[in-house]
Amino acid sequence: DLLRIDHVGIAVPDLDAAKDFYAETFGMRVVHEETNEEQGVREAMLAVGDGTGPRLQLLAPARPDSAIAKFLDRSGPGLQQLAYTVADVEAASAALRARGLRLLYDTPRRGTAGSRINFVHPKDAGGVLVELVEPA
Ligand code: V0V
């Protein structure tokens with residue numbers, strides 16, 4: 001089962017410039033930042049409002065052959081993914097696989113802040129890259 005929207009991910013070419021834009025334009029603050037080598041991203045999580053709701057995730061490429069670099073080349077900056085919180089990413093992935101959707105990974109990988117993640121292929125989800133996040 002999906003519990004809530006975890007975050008919305010936006011591909012950006014320059015993480016520092018994007019953090020400044022969101023701080024100055026919308027008053028959003030960075031609550032977490034890391035580089036995920038496996039995913040090839042530099043990312044920042046931003047709190048919206050009082051910080052109790054879904055977050056905004058800024059995703060910048062850490063390598064030219066990464067998923068975010070490819071997305072930027074093809075589509076330019078913008079919405080890249082919609083992530084839902086789940087209690088058990090393996091169970092949620094299995095349930096969606098059983099409904100005929102392609103999950104990108106056979107077993108979960110490491111996401112933000114020690115979370116475990118998997119993705120539904122955007123072609124099987126109406127053009128939306130859906131991420132499943134089991135928080136640490
Ligand atoms: C590609 N397509 C998308 C898309 N990326 N559609 C919607 N949203 C996206 N983000 C479309 C693309 O326009 C093509 O459509 C078609 O999919 C291509 O499919 P493909 O050849 O199978 O795949 P690629 O090589 O374009 O790669 C797309 C996928 C890749 C989704 C497979 O980006 C991937 O593996 N993503 C998962 C990992 C990821 O995104 N990591 C970065 C975030 P047409 O032209 O054929 O119609 S890391 C993260 O979120 C973390 C760490 C976290 O949250 O904790």
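How far is an oxygen atom of the ligand from an N or O atom in the side chain of Glu-131? In this predicted model, the separation is 2.8 Å. Two further pairs involve oxygen atoms of the ligand. A polar side-chain atom of Thr-112 lies 2.7 Å from a ligand oxygen. For His-121, an N or O atom of the side chain is 2.9 Å from an oxygen atom of the ligand. The ligand on its own exposes 1000 Å². The protein buries 72% of that area.

The shell around the ligand holds 23 residues. Lys-70, Arg-74, Gln-81, Thr-112 and Lys-123 come nearest. By class, 10 residues of the shell are polar, nine are nonpolar and four are charged. Two elements, α2 (67–75) and β5 (78–86), each supply at least two shell residues. The helix α2 gives the most, with five residues.

The ligand takes up the space of the largest pocket. About 1100 Å³ of space lies in this pocket. Its lining comprises 47 residues. Closest to the pocket centre are Gln-80, Gln-81, Phe-119, Leu-129 and Glu-131. Glu-131 is the residue with the 2.8 Å pair to a ligand oxygen.

Several elements give two or more residues to the pocket lining. The strands are β1 (2–11), β2 (29–36), β3 (41–47), β4 (55–61), β5, β7 (116–120) and β8 (130–134). The helix is α2. With six residues, α2 makes the largest share of the lining. This helix also gives the most to the shell around the ligand.

Methods:
Residues are numbered from 1 along each chain as its sequence is written. This is a predicted model: local features need pLDDT of at least 70, side-chain atom pairs count only at pLDDT 80 or more; totals for chains, interfaces and linings use all residues. Side-chain values use heavy atoms; hydrogens and water are left out. A residue is near a molecule or strand if one of its heavy atoms lies within 4 Å of it. A polar contact is a pair of N or O atoms within 3.5 Å; within protein, one must be able to donate a hydrogen and the other to accept it, and residues adjacent in sequence count only if both atoms are side-chain atoms. Accessible areas come from the Shrake-Rupley method with a 1.4 Å probe; for residues, only the protein chains shown count as cover. On a 1 Å grid over the protein atoms alone, a cavity is a set of points where a 1.4 Å probe fits but cannot get out, and a pocket is an open set with protein on both sides within 12 Å along at least five of seven lines; lining residues have an atom within 4 Å of a point. A molecule sits in a cavity or pocket if more than half of its atoms lie within 2 Å of its grid points. Helices (H or I, at least four residues) and strands (E, at least two) are DSSP runs, numbered from the N terminus. Ala, Val, Leu, Ile, Met, Phe, Trp, Tyr, Cys and Pro count as nonpolar, Asp, Glu, Lys and Arg as charged, and the others, Gly among them, as polar. Grid points are joined across faces, edges and corners, and a volume is the space filled by probe spheres set on the points.
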